[in-house]
Amino acid sequence: MPSFHSGFVCILGRPNAGKSTLLNALVGEKVAIISPKPQTTRNRILGVLHVPGPKGKPAGQVVLIDTPGVHKPDSSLGRKMMTEVQEALEGCDLVLLIADVAKKLAPEDEFALQMLKRAATPAFLLLNKIDLLRSKKESLLPRIEHYRGRHDFQQVIPFSARTREGLDVVLKEILRALPKGPQYFPEDQITDQPARFMVAEVVREQVLLATEEEIPYATTVVVEEFEEGERLTRISALIYCEREGQKAILVGKRGQMLKKIGTAARLQMEKMLGTKVFLQLFVKVHPHWRESQHFVEDLDWRRQLQQLTGGPTRPGGE
Ligand SMILES: Nc1nc2c(ncn2[C@@H]2O[C@H](COP(=O)(O)OP(=O)(O)OP(=O)(O)O)[C@@H](O)[C@H]2O)c(=O)[nH]1
Ligand SMILES: [Mg+2]
């Protein structure tokens, strides 16, 4: 296939800029969870976009890597998140730096720019959320000037991941920037995350949507049991939080909150898996888990997968 273009494209930017929304919009399926709260994404997430060409022949493959929002970490969890960003940047062909035009420039935007500069990879500046601007073009100009002065971007494209305005231009330019290359993933594969870990994320998304203040940040989800049948999948998951008070809120009066989270998560899982789902959720307190390097490392699904399949589990043993 002489004209097949492909490559790895890293999505980088401050928390809440719309990186995961862009990933899902380009892939056309929900690969990453999304929430109005910053620091939703905690690990790098791969989404494969199979681009059809004329006469139904594939024209290319864009392997997108969504990353956690760039911030100054203040815990083991935050440091792990920034390592995930760094790993995603390594060896990619193109970086998409996502800015949120509805927000003022913040230190996190500068951190993201610094990471991009260190990566020394061709980059696009994507100005997201233009649907929130009243007088679109004029208000974008100072932002564009600022970024143009800081870095040599191959493209600067305003768009909206939510309304899809400008998304066709984003995709066209990504394809143009990618080299001729192989098909990295088979045509029926859209992510490398096993279903077992995607369902943990689905539960976490519902926790993020249903709770406030520190609970979204102090919560993580681990799937304990995942038994896939032809018509029914049995899933049991633990929601970890850091304090008894958080547990009381997550469970709710007479278990109402946990039930609400469970019902919403189950409906999403049934759509995702194409089977009925029997979901059991439990809440457990693990004081200061975000500070525990060991616990945070064990949350990494790539490591959990190695444990499940009996492979090496610690760096150095690999
Ligand atoms: N109005 C508007 N909202 C958007 C757009 N793109 C994303 N959002 C919203 O912005 C919020 C954050 O979106 P995410 O995709 O989770 O952002 P993210 O950059 O992945 O965030 P982290 O994972 O926390 O770094 C959500 O409430 C989205 O619905 C857009 O183009 N327009
Ligand atoms: Mg995200």
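Which residues of the largest nonpolar core touch the most other members? They are Val-9, Leu-12, Leu-97 and Val-203, in a core of 77 residues. A nonpolar core here is a set of buried Ala, Val, Leu, Ile, Met, Phe, Trp, Tyr and Cys residues joined through C-beta atoms within 7 Å. A residue is buried if 20 or more other C-beta atoms lie within 10 Å of its own, exposed if 12 or fewer, and partly exposed in between, with C-beta atoms placed from the backbone.

Before we go on, a word on the model. It is predicted: local features need pLDDT of at least 70, side-chain atom pairs count only at pLDDT 80 or more, and totals for chains, interfaces and linings use all residues. Residues are numbered from 1 along each chain as its sequence is written, while chains are lettered from A and ligands numbered from 1 in the order in which they are written.

Back to the core. Of its 77 residues, the largest share, 8 residues, comes from helix α6 (residues 195-210). Helices (H or I, at least four residues) and strands (E, at least two) are DSSP runs, numbered from the N terminus. Domain 1 (5-177) and domain 2 (195-308) both give residues to this core, so the core lies between them. These bounds come from an automatic or database domain assignment. The C-alpha centres of the two domains are 27 Å apart, and 10 residues of domain 1 are in contact with 15 residues of domain 2. On the side of domain 1 that touches domain 2, there are 2 nonpolar, 6 polar and 2 charged residues. Contact means C-beta atoms, placed from the backbone, within 7 Å. For the classes, Ala, Val, Leu, Ile, Met, Phe, Trp, Tyr, Cys and Pro count as nonpolar, Asp, Glu, Lys and Arg as charged, and the others, Gly among them, as polar.

Now follow strand β1 (residues 5-13). Buried residues make up 9 of its 9, so β1 is largely enclosed by the rest of the structure. One side carries His-5, Gly-7, Val-9, Ile-11 and Gly-13, the other Ser-6, Phe-8, Cys-10 and Leu-12, and all are buried. Beyond its neighbours within four places in sequence, Val-9 is in contact with residues including Val-62, Leu-64, Cys-92 and Ile-174.

β1 runs parallel to two partners. It has 7 bridges to strand β3 (residues 58-66) and 5 to strand β4 (residues 94-100); strands pair if DSSP finds at least two bridges between them. Phe-8 stands opposite Val-63 in β3, and Cys-10 faces Val-95 in β4. β3 is itself mostly covered, with 7 of its 9 residues buried. Strand β2 (residues 45-52) joins β3 through 8 bridges in antiparallel fashion, and Val-48 stands opposite Val-63. The β2 and β3 hairpin has 5 residues between the strands, and Lys-55 takes a positive phi near 55° there.

Helix α5 (residues 167-177) holds Val-170. With 22 other C-beta atoms within 10 Å, Val-170 is buried. Setting aside neighbours within four places in sequence, Val-170 is in contact with Leu-126, Ile-157 and Phe-159.

Finally, visit ligand 1. It is surrounded by 24 residues, the closest being Gly-18, Ser-20, Thr-41, Gly-69 and Arg-162. A residue counts as near a molecule if its C-beta atom, placed from the backbone, lies within 6 Å of it. The shell has 8 nonpolar, 12 polar and 4 charged residues, and helix α1 (residues 19-27) gives the most, with 3 residues.

Conventions:
Two residues are in contact if their C-beta atoms, placed from the backbone, lie within 7 Å.
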